[in-house]
Amino acid sequence: MSRQNAFAEGEGQADGRALLAGVTVPLVTPMDRPGRPSAPASDALLVGLAEAGAHGLMLFGSNGEGPLLPTARLADFAIEVTGRWRELTDEGPVLVNITAPGTAEALARAEAVLPAAPDALVLSPPLYYHHRHDEIVTHYTATAGFGVPVVAYNAPRYSNPLTPALLDELADLAHLVGIKDSSGDPALFRHALAAARRRDDFGVSQGAESQALDALRLGADGVVPGVANLAPSLAVELFRAHRDGRDDDAQRAQLLIDEVLVLHTVRPGVPAVKAVLAERGLCPLHVAAPFTPCSEAERHALFALLAPLDAHLIRA
């Protein structure tokens, strides 16, 4: 019986804490032309991430340009990348983001990626419009019928925020098994942990990269840092050092991660990450419109800035 079917039939209820444990990479989406995801173009990157010890993947999040990709272009990439990741990592988990402006589109995106048999769907509150508390709860409740665990994704830069009251209510929905919090709000993160710990199976991960170690110290199950696309070994070392009680090593890894994050002062976001990966033979430069690739000047500035950190960056 597949993991999806077991969850749908109530056998082997999904353990959100195990699902979100360790380092989950919010994968960039390699493309063979602008806006067209390409699983073959992802292979070298997937191999590098697996060799570095990453636990899982999240597809089509903010680092994956998910909201810019048409629903029709999600399935093939999700199916092939999920299968390849499980080969490389002995069944490592794959989560797929289905966030959209409205419930109907989120459900359509879920239907599109179900053939990939994701370990969980990831869903933010709706984009664009401001919605009431009850409307956001209903949005999440609508995903219960898929028989797939759901992880709530709090990214208030892009969607309605998950408030403490919403976190309390969402943690009581049986098909929700965790939360990824990228708010950068320490008080809200503590509240998320308190809400989660009312259940034994509800996981919590941190998506605010500069706060990764702080979150683990507070009790987070894992981290989902975009910088892990570039420096997976640092993210894995941070998690393992904290787990093993090597606090100095964990702090050193966090400081190095903070140094890598300076790349966003040259060009914020996905185009900068892809530019560095392209230089290392791991991902084409292509992005989804209206993003544009880094200019030649931006690329040279990025490479110069990151040169002292070369030993810590992923390589083909």
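**Entry 1: the model.** I reminded myself that this is a predicted model.

**Entry 2: the largest pocket.** I looked up its volume, which is about 820 Å³. Next I asked which residues are closest to its centre. I found S62, N63, Y153, R157 and Y158, out of 36 residues that line the pocket. I then sorted the lining by class and noted 16 nonpolar, 16 polar and four charged residues.

**Entry 3: the cysteines.** How many disulfides does the structure hold? My search gave zero. I jotted down a reminder that a disulfide is a covalent bond between the sulfur atoms of two cysteines. I checked C283, and the nearest cysteine sulfur, that of C294, is 12 Å away.

**Entry 4: helix 6.** This helix covers residues 133-141, and I wanted to know which of its residues are buried. They are I136, V137, H139 and Y140. Looking down the axis of helix 6, I saw these buried residues fall within an arc of 155 degrees, so they line one face of the helix.

Finally, I asked what the buried residues of helix 6 pack against. My list has helix 5 (103-113) and helix 7 (164-170), together with strand 6 (120-123), strand 7 (150-154) and strand 8 (176-181).

Technical notes:
Residues numbered from 1 in each chain as written. Predicted model: local features only at pLDDT ≥ 70, side-chain atom pairs only at ≥ 80, totals over all residues. Heavy atoms only, no water. 1 Å grid on protein atoms, 1.4 Å probe; cavity = no way out; pocket = protein on both sides within 12 Å on 5 of 7 lines; lining within 4 Å. Points joined across faces, edges and corners; volume = space filled by probe spheres on them. Nonpolar A, V, L, I, M, F, W, Y, C, P; charged D, E, K, R; others polar. Disulfide = S-S within 2.5 Å. Buried < 20%, exposed > 50% of the residue type's maximum accessible area, 1.4 Å probe, protein only. Helix = DSSP H or I, 4+ residues; strand = E, 2+ residues; numbered from the N terminus. Arc of directions from axis to C-beta. Contact = heavy atoms within 4.5 Å.
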